[in-house]
Amino acid sequence: MGWALVAAEPHQRKGWLKRFDPRFWTVDFARPMMASVVTTGATSLRVEAVFLRKQDLAGLIWEAVDRWDHPLLGYETRRDFRHILLTFRWRSGGIKPLDALHGPTLTIEGRDAAGSPRAWYVRLWNYAEGSAEDAVVRLDFDALDGGFMLPGEADRVWAGDIDRMFVSLVAPAYDGGEGVLEAAAEGWAELSGIAASGSGSVLPVGDAVLPEQDPAKGGLGIANGYDDVYHLTPARVVRQIVQLGYRGDVVHYVGMSHFMRLARAGDGFEPGIAGGPLSGPAAAWHAAFAAGCAAAGLGVIWSLSYELFDAYCPPGWKQRDAAGAPALTGWVPPSTLLSPANGEAMGWLQLVARAFVAIAVAAGLPVKFQVGEPWWWVNPGGSLCAYDAAANAALGGTSVSIPDVRGGLDAGQTAMLDALGALLAASTSALVAAARDAAGAADFTSHLLVFLPTVLDPAAPGLRRANVPLGWAAPAFDVLQLEDYDWVTAGRGAETAPARAAMVARLGYPVDAQHYFSGFVLLPEQRGQWEAIADAADAARRAGVARTFVWTLPQVARDGFVAFDEREDGEGDMQAFDAVDFPLAIGREALVVTEFSTQIVSAPSGHEQRASEWADARMRYDAGPGVRSEADVRALADFFRARRGAARAFRFRDPFDHSSAADGGLPAAEDQMLGTGDGSRRQFALVKRYGSGDAVQERIVHLPVAGSVRVSVDGVETAAFIVTDEGVILLDAAPGAGVVVRAGFLFDVAVRFAEDRLEVSRATFLAGELASVPLVEVRAPHGGPA
């Protein structure tokens, strides 16, 4: 799989966009209110909103800067809105009407003609013809005035430097004060016949269409989350998915903070079910999303987790540790985890599942439902969150004290963890049953998503009894989905393969009944993590999982990530590397060339500027001197044809440099320093160093020879490690902080034939002439020990 992080370039913009296109409006608001915007036609959109407090306000937003689309798909930044006439029909209900105080107002944020920041407040009623809830609005940006009463309060807008504009929507009870509404107020607004005219009304827009990621051939899939895209139109989200080449199923996490219907609970809010568990705005958004996916030929895997925004969660629903502290995640503000033992919480979750399944059925989609990351949480200090009232009641006498789940466990504590696992499995089984029942006659596929770094935490090996219960064993679910991004982004990706094997051993799902999730990059300054994420996705595909997904679309768009298949022909993936040895009898006599690439610029004075372009040398070899007999010719010709000439790389033993030992002899466990421990890191790349001091050059070794690797930890040789398929050392236990890890090994080099022609004849070697069989090193294949 190839990948890149791309930025928008002027030549990449191949399309044109009318300003104020309905697909590119956004909506935003402050919790706990809810709102969404969906397109209802080529020139129309609809905003749904639920107001819970008197001060709640939703904004329908147009931005001059496209902050949400992938760089290949975004529209060009133009802050000059002069010479534009915008017209639309306005219809609304359940909100302040156009003619009211605090009625819909267009707030314009930018700078005046002198460059000073400022804002203008344009009352839409001043530019409307019709009634207060059904009118045609005409906004000429060359003659637009802010102010409530015109012309007396006219404040002329300078439209030459605008950052964004938004239309404010508030409940009928809005008066500028604060307080909780007695009952939720639902409102809506529609803009139809949206038309922009004038010389500044058209924008260049990225219209790239990347090659399809064919699911049948291991193409990468995409995951998404409503909490990250609630403010966008579903049409905009689906457009990005399709044009970035993602096909098949989209994993859509419905989230933990924006989809639920809320009801008043004292001075706060909690999930309500009167009228259904989904808020009106979320239901409208997801119905449009499902329809858009169906029209685009995409499927949807609906992901529902046990996670809920802490401020909305009833106290009795929360998992709690022995001290009564709730399970709290690291998000700010935090989310919490629902107790699998709490019948009311699980009943609500089942209603949510039924609601989303109904949306899928209405869209004509096969129903694919995922139970996302269900687990018993562990608070800091190893404090297990399995002591809420419902869990205590369900466990009865099985509930015992576990002060630190990372410590040694006695028989009673082990029995409690098994009982917790049974509770968790029963809750997930009931959730899947509810979703399946709601699907009715529709095709139904169940999925379970497990976060490996938590459920297989090496610091708490007993925890898997509770968080990977045997009740999940196949065929409890149709597909097992595994996620490990904490390991991948922390440089611990080598832990995934053993963890996958452990999951297979415990639950029995073969690799072709598994999905893998790779990602995500939390912050833009961490975009360098995409390399590890892409490598992990590629490793999962090579391992044979049924689908690999990258998490998530907002981060993919933010950082400009693109993925594409690297194929040599149209028939399928061509493996670039074969883990086979060059015929050693021939290679042992090879000529060796070590080369770097250095740019040298000479000044007229004779001084030079030199820039080294490669961090590591590249090796070249000529295996011709080893061809001494007809048997050698046959062996070489056979090997050359099997590699398809220069198409496929292979292993080669450098006759002069194939050992970690300084003298080229047998390796010892302390030959090369690999790194120092930090208490959690278990994987260490094999390296060989050349030179010393400031001039040392470090070579990453990817192809150790099987059985040759020796490892020492803190000066003591150990056998408690494995060598992964990527040629990385994975220790059974993480060394403590500052503990030195060293290793010795034999290794091969990955090379290919330098040419697609092979010329060797009997006359050549009988006459004592040397044949020429040039080989060239290739970079970092995945081969592992052999």
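Modeller: Two strands pair if DSSP finds at least two bridges between them. This is a predicted model, where local features need pLDDT of at least 70 and side-chain atom pairs pLDDT 80 or more, while totals for chains, interfaces and linings use all residues. Residues are numbered from 1 along each chain as its sequence is written, and side-chain values use heavy atoms, without hydrogens or water.

Colleague: Thanks! Which strands are joined to β24 by bridges?

Modeller: Strand β21 (residues 299-305) runs parallel to β24, with five bridges, and β27 (residues 444-451) is also parallel to β24, with six bridges. Strands here are DSSP E runs of at least two residues, and helices H or I runs of at least four, numbered from the N terminus.

Colleague: Which residues pair up there?

Modeller: Lys368 in β24 has Ile301 opposite, and Gln370 has His447 of β27 as its bridge partner.

Colleague: And is β24 mostly covered or open?

Modeller: Mostly covered: six of its six residues are buried, meaning under 20% relative accessible area with a 1.4 Å probe, protein chains only (over 50% is exposed, in between is partly exposed). Val367, Phe369 and Val371 point one way, and Lys368, Gln370 and Gly372 the other.

Colleague: What comes in the loop between β24 and β25?

Modeller: Glu373 is found there, with β24 spanning 367-372 and β25 378-379.

Colleague: What does Glu373 touch, then?

Modeller: Leu449, Phe451 and Glu483, not counting residues up to four places away in sequence; a contact means heavy atoms within 4.5 Å.

Colleague: New topic: which residues of α14 are buried?

Modeller: In α14, Asp632, Leu636, Phe639 and Phe640 are buried. They sit on the same side of α14 because they cover an arc of only 100° around the axis, taken from the directions from the axis to the C-beta atoms.

Colleague: What covers them?

Modeller: The cover includes β32 (577-581), α13 (584-587), β37 (649-652) and β46 (749-753). On the face turned away from the buried side, Arg634, Asp638 and Arg641 are exposed.

Colleague: What happens just after α14?

Modeller: Arg644 takes a positive phi of about 55°.

Colleague: Last one: how many helices and strands does the chain have?

Modeller: The protein chain has 15 helices and 47 strands, and buried residues make up 51% of its 786 residues.
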